[in-house]
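Here are a few exercises to work through with the model in view. Try each one before you read its solution.

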Amino acid sequence: MTESDLRTHAEEIHEQFSDQLEIDVDDVVDRLDTLVNDYQVPISEARRSVVNTYLDEAGMDRDQLGGGGGGNEQVQVADVDAPEEWVDMRVTVVELWDPRADAVAQVGLLGDETGTIKFTKWSKSDLPSLEEGKSYALRNVVTDEYQGRFSVKLNRTTTIEELDEEIEVGDDSVEAEGALVDIQSGSGLIKRCPEEDCTRVLQNGRCSEHGEVEGEFDLRIKGVLDDGEEVTEVIFDEEATEKLTGISLEEGKEMAMDALDTTVVADEMRQKIMGRYYRVRGPTFGRYLLADEQERLTGPVDADEILIKARSI
Amino acid sequence: MASTPTREVARRVFAREFNDASYTFKESDDDRAPVYVLLPTGQRANRVFVVGTLTETEDVGEDSEYWQGRVVDPNGDTFFMYAGQYQPDAASMLRELEPPAYVAVVGKPRTYETDEGDVNVSIRPESISEVDEATRDRWVVETAERTLDRIQRYADADLDDPAVDEYIAMADEEYDQLSVENYRQSVVGALESLQDEQAETSAD
C-alpha cells in the first residue's frame, strides 16, 4: 500500500477523533504503515487496531467516535461489487423516485465521482428524509444485488449526516480509444422484429422469439477498437452510425434497394471507417460499450516526447 | 472495461522487428489453439495492426489468385502479406488498390521456412483498407510508443529472476543472436522521418 493511500486512511481516522482527541496524522500514518507494510495486516484490520489504540489512550468507547462506526469501509459507488456488505458512503441524492410500495419510504439514485447507484430506504427504519440535490455522509448502509445490478439499502442502524460540501456526481460512462480493427457480423443495414418490446435483430427474416416477421430496418455497427494493449467492443446505434459513416438509414435503404442486397451497406461502411482511429464514450452494456459520443482522431500527433525517450534508453 | 478475453489484441510493431519474429508457439496442445509469433522484444503476437505505404501488389498464384502486397514502414522496411481465396476481401483489395497508397492492415502473423532454411514472416490479412496520412502518422507514433514500452520492459527485466516475464525469458532464449538495440533504432528512425515529413509540409 502506498504512502498516499495510507495517508487517506490516516486522515479519515484523524477525522473520526477530531472532536474528542488531538492526534497527529503522521503518527497515524506510521502506525498504519507498521501494521500494513511490516506485518502485512489488511488495511481494514489495521484501521481497527489503530482506532482501538487511540480509544484506549483516551478512555473512550467506540460509540463516541465520529464517523465510520469504526468498522465499515468508506466506499465509492463504483467500488460496490458484492451484496450484503456494510459500508459508509459520501454521496449526493441525484434523483428521488415515487416509491411503489408502502414499505419503502424513499427510493432513488445516489451518486459520487465514480457513478450512480440505486438506494432504498425502508419505512420501518424511521430515518430522516433525504432531499434531492443534497449531499450526505451515510454510515452503515448495506449493499444488495439484483440481476447483476448493485444497490444500497438504508436501514434502522444507518446514520445520515448532511454535508456542507457538495459531492460531485460523475457518470458511469467509460472511454475507449484505438484503431477500428473489425466490424462484426450484424452490422450495417439490419432488420429488427416489429413486435412490441421486441427489438431482436432478425436472422434471415426470422426473429428467434416471434418467427417469420416483416422486419423494420435499422442501422447499427458492432465494431472493435484496439489500442495495441486491449480491445473494446463498441455498438454504434443508428444515430452514431450515421455520424461515423455519413450514411443515413434512408441512404442505406436506397443502397440496398439498388444492389438488391443489404450487405453492400456494411461493405461501404467498412471502406469508410476500418483502420481509422477513434475515441468513443458511453455506458457499458454487457461486454459492449454503447457509443454516446465519438470522434475520429485525426489531429497531428506529437513525436517529440517519445523521440527524446527513445534516444535516452 | 468491455473487453472479451477471447479476441486477441492487435500488436503494434515496425517491420524490422516483425520480420525477425520467426519463432512461433502455441499455449496449449489443442489443434485450434491460437498460434503466436514471439516478438524479439519479448511479447507474443497473434494479430498485428499495420499502417504503411502499399508499394507493390502482385498475383503470385499459380492455379488460383494469390496476391502478394508489400507495405513499407517509415524506415523503408517491408511487411509482406499474402491473400488468396480464403481471404476474399483482402485479396480483392490487393487486386483493386493502385500503389502507392496508405493502407491499414489487420492480420495474423504467419511464418514459413524457405528451401534455404530461412524463416520468413508475413501477414495473412483479415482486412485491408485505404487510409489517409494522418492515420499513418498516428500509427507510427503509437507503434513507436508500444515498441519502446516493450524495450524498456526488456531492459528492466532481470533474467536471473525466476519470476521474470515468460515472454522476455523466451525472447532471450530464442533470439540470443538479436539485439533489441536494433528495434530502438527503428523507433528513432521512424519518428525522425515523421518529423522530417512534418517539417517539409510546413515549409511548403
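**Exercise 1.** How many bridges join strand 12 of chain A to strand 13 of chain A, and do they run parallel or antiparallel?

*Solution.* A word on the ground rules: this is a predicted model, where local features need pLDDT of at least 70, side-chain atom pairs count only at pLDDT 80 or more, and totals for chains, interfaces and linings use all residues. Residues are numbered from 1 along each chain as its sequence is written, while chains are lettered from A and ligands numbered from 1 in the order in which they are written.

- Step 1: find the elements, which are DSSP runs numbered from the N terminus (helices are H or I, at least four residues; strands are E, at least two).
- Step 2: count. Strand 12 and strand 13 of chain A are antiparallel and joined by 6 bridges; two strands pair if DSSP finds at least two bridges between them.
- Step 3: pick out a pair. I221(A) sits opposite F236(A) of strand 13 of chain A.
- Step 4: look at the turn. This hairpin has 4 residues between its strands, and G228(A) takes a positive phi near 95° there.

**Exercise 2.** Find strands 8 and 9 of chain A and work out how each joins strand 12 of chain A.

*Solution.*

- Step 1: strand 8 of chain A runs antiparallel to strand 12 of chain A, with 4 bridges. Here L180(A) has L225(A) as its bridge partner.
- Step 2: strand 9 (residues 188-192) of chain A is also antiparallel to strand 12 of chain A, through 5 bridges. This time L189(A) faces L219(A).

**Exercise 3.** Describe how helix 1 and helix 2 of chain A pack.

*Solution.*

- Step 1: for two packed helices, you give the angle between their axes and the distance between the axes. Axes are lines fitted to C-alpha atoms, for helices over the stretch in contact, and angles run from 0 to 180 degrees between N-to-C directions.
- Step 2: the axes of helix 1 (residues 3-17) and helix 2 (residues 25-38) of chain A come within 9 Å and cross at roughly 125°. That makes helix 1 of chain A oblique to helix 2 of chain A (under 35 degrees is roughly parallel, over 145 roughly antiparallel, 65 to 115 roughly perpendicular, and the rest oblique).
- Step 3: the crossing of these two helices is right-handed. A crossing is right-handed if the near helix is turned clockwise from the far one by less than a right angle, and left-handed if anticlockwise.

**Exercise 4.** Which element of chain A gives the largest share of the side that touches chain B, and which helix of chain B does it pack against?

*Solution.*

- Step 1: the contact takes 32 residues from chain A and 35 residues from chain B; residues are in contact if their C-beta atoms, placed from the backbone, lie within 7 Å.
- Step 2: helix 7 of chain A gives the largest share of chain A's side, 5 residues.
- Step 3: helix 7 of chain A packs against helix 3 (residues 133-156) of chain B at about 35°, axes 10 Å apart, in a left-handed crossing.
- Step 4: I306(A), K309(A) and A310(A) meet V141(B), A144(B), E145(B) and L148(B).

**Exercise 5.** What is the mean pLDDT of chain B?

*Solution.*

- Step 1: the mean is 93, and 97% of the residues of chain B reach 70 or more; pLDDT is the predictor's confidence in each residue, from 0 to 100.
- Step 2: over residues 1-5 of chain B the pLDDT is below 50. Where pLDDT is low, the predicted coordinates should not be read in detail.

Technical notes:
Two residues are in contact if their C-beta atoms, placed from the backbone, lie within 7 Å.
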